[in-house]
Amino acid sequence: FSIFGKVSVALIYFAFWVFLMFPNWFWPIGRPGIALGGGIMMVVYRFLLVNTGDGPPFDAEGVIIKEPLFLLFGLMLTTIYLESMERGGLFD
């Protein structure tokens, strides 16, 4: 990693840690949606770092276990559905 890569990755991890500690403060999609968004964002950001020469090669397809991502996506949909039903309906 370059210094830019180290600092930017640390700031992104810190930002998503804050979002997970206070889930309804910034994104009202619940913790599963925030975790899913953070994971996908870091994969894309690491890809950009590799292409710009600021990060080491990273084989995301070989490292990431896809089943927890599917579980997080399902939990995010369930959370959004249940919260919207508490307010009176999904399309209100």
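How many aromatic pairs does a search of the whole structure find? I ran the search and found two aromatic pairs. A reminder to myself before going on: this is a predicted model.

**Entry 1: the aromatic pairs**

I took Phe14 and Trp17 to begin with. Their ring centres are 5.9 Å apart and their planes meet at 25 degrees, so I noted the pair as stacked. Both residues belong to helix 1, three residues apart, which is about one turn of the helix.

Then I turned to Phe16 and Phe19. Here the ring centres are 5.6 Å apart and the planes stand at 85 degrees, so this pair is edge-to-face. Phe16 and Phe19 also sit three residues apart in helix 1, and about one helical turn separates them.

Next I checked burial. Phe16 and Phe19 are both buried. Trp17 came out at 47% relative accessibility, so I put Trp17 down as partly exposed; exposed would need over 50%.

**Entry 2: the overall layout**

I stepped back to look at the fold. The protein chain has four helices and zero strands, and from the N terminus the order reads α-α-α-α. Helix 1 covers residues 3-21, helix 2 covers 30-52, and helix 4 covers residues 66-86.

I also wrote down some totals. The protein chain has 92 residues, and 25% of them are buried. Of the contacts with a separation of 6 or more, 56% join residues 24 or more positions apart.

**Entry 3: the core**

Which residues make up the largest nonpolar core? I listed eight: Val9, Ile12, Phe16, Phe19, Ile34, Met42, Tyr45 and Leu49. Helix 1 and helix 2 each give at least two residues to this core. Phe16 and Phe19 are in that list, and they are the edge-to-face pair from my first entry.

Met42 lies in helix 2, and its relative accessibility is 8%, so it counts as buried. Leaving out neighbours within four places in sequence, I found Met42 in contact with Val9, Ile12 and Tyr13. Tyr13 is 29 residues from Met42 along the chain, and their C-alpha atoms are 8.5 Å apart.

Tyr45 was my next stop. With residues up to four places away set aside, Tyr45 touches Phe4, Ser8, Val9 and Ile12.

**Entry 4: a buried arginine**

Is Arg46 buried or exposed, at 17% relative accessibility? The cut-off for buried is under 20%. Arg46 is at 17%, so it counts as buried. Arg46 lies in helix 2. Not counting residues up to four places away, I saw that Arg46 touches Phe1, Pro56 and Phe58.

**Entry 5: a glycine in helix 4**

I looked up Gly74, which is found in helix 4. Its relative accessibility is 29%, so Gly74 counts as partly exposed. Between Gly74 and Pro32 I noted 42 residues of sequence separation, with 8.5 Å from C-alpha to C-alpha.

**Entry 6: the surface patch**

Which residues make the nonpolar surface patch of about 640 Å²? I wrote down Phe14, Trp17, Met21, Phe22 and Trp25. Two names here were already in my notes, since Phe14 and Trp17 form the stacked pair. Phe14 has its place in helix 1.

**Wrapping up**

I ended by setting the two pairs beside each other. Phe14 and Trp17 are part of the surface patch, whereas Phe16 and Phe19 belong to the largest nonpolar core.

Key: Residues are numbered from 1 along each chain as its sequence is written. This is a predicted model: local features need pLDDT of at least 70, side-chain atom pairs count only at pLDDT 80 or more; totals for chains, interfaces and linings use all residues. Side-chain values use heavy atoms; hydrogens and water are left out. Patches are made of residues with over 30% relative accessible area and no salt bridge: like charges are joined within 9 Å, nonpolar side chains (Val, Leu, Ile, Met, Phe, Trp, Tyr) within 5 Å. Accessible areas come from the Shrake-Rupley method with a 1.4 Å probe; for residues, only the protein chains shown count as cover. A salt bridge is a side-chain nitrogen of Lys or Arg within 4 Å of a carboxyl oxygen of Asp or Glu. Buried means under 20% relative accessible area, exposed over 50%, partly exposed in between (1.4 Å probe, protein chains only). Contact means heavy atoms within 4.5 Å. A nonpolar core is a set of buried Ala, Val, Leu, Ile, Met, Phe, Trp, Tyr and Cys residues joined through side-chain atoms within 4.5 Å. Rings of Phe, Tyr and Trp (its six-membered ring) pair if their centres lie within 6.5 Å; planes under 30 degrees apart count as stacked, over 60 as edge-to-face and the rest as tilted.
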